[in-house]
Amino acid sequence: MLDDIKALKEEIATYSITNQDELEEFRLEFLSRNGRVQSMFKNLGSVAKEDRAAVGKGMNEAKQLAQKRFDEAKINLEESTATIRKATDDLTLTAPVTPIGSLHTLTQTMDEMKNIFYRLGFTIADGPEVEDDFHNFTALNFPPNHPARDEQDTFFVRKNDDPDVMDLVLRTHTSPVQIRMMENTQPPIRSIMPGRVYRNEAVSQKSYFLFHQVEALYVDENVSVADLKETLITFVKLMYGSDVKYRLRPGFFPFTEPSLEMDIWWGSEKDGKWLEILGSGMVDPNVFKASGVDPEKYTGFAWGMGVERIAILKYGIDDIRTFYENDIRFLEQFN
Ligand code: DAH
């Protein structure tokens with residue numbers, strides 16, 4: 001009996017299984033209820049008592065071996081059919097296109113601006129979007145009843161009649177970051193401060209209730225208007241190419257004196273118009289005083305650029321709302 005078991009094991013171990021049919025034959029032969037292994041178990045009762053343990057053990061081993069071979073052969077066959085299917089694929093077919101995301105137009109524009117100013121030696125800083133009245137207005141030399149403080153333009157987060165409690169606003173420009181910068185750092189300062197700003201304006205082709213600015217602040221001894229002009233002109237040439245058509249004209253801001261605004265020509269030679277991209281100027285001594293910088297010792301320039309405007313000119317977009325609608329057909333054009 002033990003010899004029979006040994007022979008059976010041998011047969012199980014060497015049985016040839018090279019395809020699905022042979023696998024099925026193997027199963028019927030050794031693993032099915034009427035298969036040879038089960039038949040042997042039926043005979044166990046007639047084995048002499050003293051041999052029973054050894055025979056039973058041998059039979060179990062045969063059964064396990066058969067199961068193991070079956071499982072392994074099954075997996076092998078599945079893998080090889082998969083390989084065969086791959087080998088017959090048409091390798092000349094183009095690969096399926098997996099859509100991948102890309103950076104938003106505004107992010108791309110901001111990154112480009114940051115790169116240019118980084119090359120010009122500016123560091124990058126930021127500040128909070130919820131600001132207090134002092135940083136957003138007072139320290140920037142806005143008179144107490146300036147129209148920009150009006151609820152028409154400003155989103156108030158906390159409005160209070162008690163003069164001891166400061167109003168909180170969504171910042172209406174990135175200029176308050178200048179104040180925070182000077183409160184925390186003594187000159188020389190040469191930084192840009194990009195970020196979101198908010199204004200309570202009706203949505204139209206030209207305005208939106210949120211937009212982006214890149215603020216700049218350059219404070220040192222002997223900084224002049226010539227430095228400001230030179231920096232702005234270098235920037236627009238790097239951004240739009242050396243043949244960009246620009247103009248600088250006088251402007252007014254409470255926090256700069258003198259103030260300048262910069263326009264870029266948009267459209268063709270004959271059929272175009274000036275588009276304002278930034279406000280700038282020499283930092284007003286009152287602003288230095290409010291933020292702890294000595295106006296006798298230092299001078300400085302500052303600007304606030306409109307990122308949407310810069311992007312509109314760069315990419316020929318004519319409606320500011322398209323930046324915020326997230327229409328995939330718009331976004332895909334700028335991959
Ligand atoms: N904060 C101004 C605005 O939002 C822009 C601006 C003008 C910023 C002149 C400046 C500046 O730093 O010097 O309209």
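**Reading the sheet and its aromatic contacts**

User: Which strands does helix α10 lie across, and at about what angle does the helix run to β9?

Analyst: Helix α10 (residues 307-315) lies across β6 (210-220), β8 (256-267), β9 and β10, and runs at about 145° to β9. Helices (H or I, at least four residues) and strands (E, at least two) are DSSP runs numbered from the N terminus. Contact means heavy atoms within 4.5 Å; axes are lines fitted to C-alpha atoms, for helices over the stretch in contact, and angles between N-to-C directions run from 0 to 180 degrees. This is a predicted model, in which local features need pLDDT of at least 70 and side-chain atom pairs count only at pLDDT 80 or more, whereas totals for chains, interfaces and linings use all residues. Residues are numbered from 1 along each chain as its sequence is written, and side-chain values use heavy atoms, with hydrogens and water left out.

User: In what order do the seven strands form the sheet?

Analyst: Two strands pair if DSSP finds at least two bridges between them. Here the order is β1-β5-β6-β10-β9-β8-β7, in an open sheet with mixed pairing. At its edges are β1 (123-124) and β7 (246-253), each of which pairs on one side only. Within the sheet, β9 (residues 272-283) and β10 (residues 299-306) are antiparallel and share five bridges; Ser-280 has Trp-303 in β10 as its bridge partner.

User: How many aromatic pairs does the rule give?

Analyst: Rings of Phe, Tyr and Trp (its six-membered ring) pair if their centres lie within 6.5 Å; planes under 30 degrees apart are stacked, over 60 edge-to-face, and the rest tilted. The count is 19 aromatic pairs. One of them joins Phe-122 and Tyr-218 edge-to-face, 6.2 Å centre to centre with 70° between the planes. Phe-122 lies in the loop between α5 (105-119) and β1, and Tyr-218 in strand β6, 96 residues apart. Both residues are buried, where buried means under 20% relative accessible area, exposed over 50%, and partly exposed in between (1.4 Å probe, protein chains only). Tyr-315 and Phe-334 also form an edge-to-face pair, at 5.2 Å and 70°. Tyr-315 lies in helix α10 and Phe-334 in the segment after α12 (328-331), so this pair ties together parts 19 residues apart in sequence.

User: Is Tyr-315 buried or partly exposed?

Analyst: Tyr-315 is partly exposed, at 25% relative accessible area, whereas Phe-334, at 10%, counts as buried.

User: Which residues form one aromatic cluster?

Analyst: Phe-117, Phe-122, Tyr-218, Phe-235, Phe-301 and Trp-303 form one cluster.
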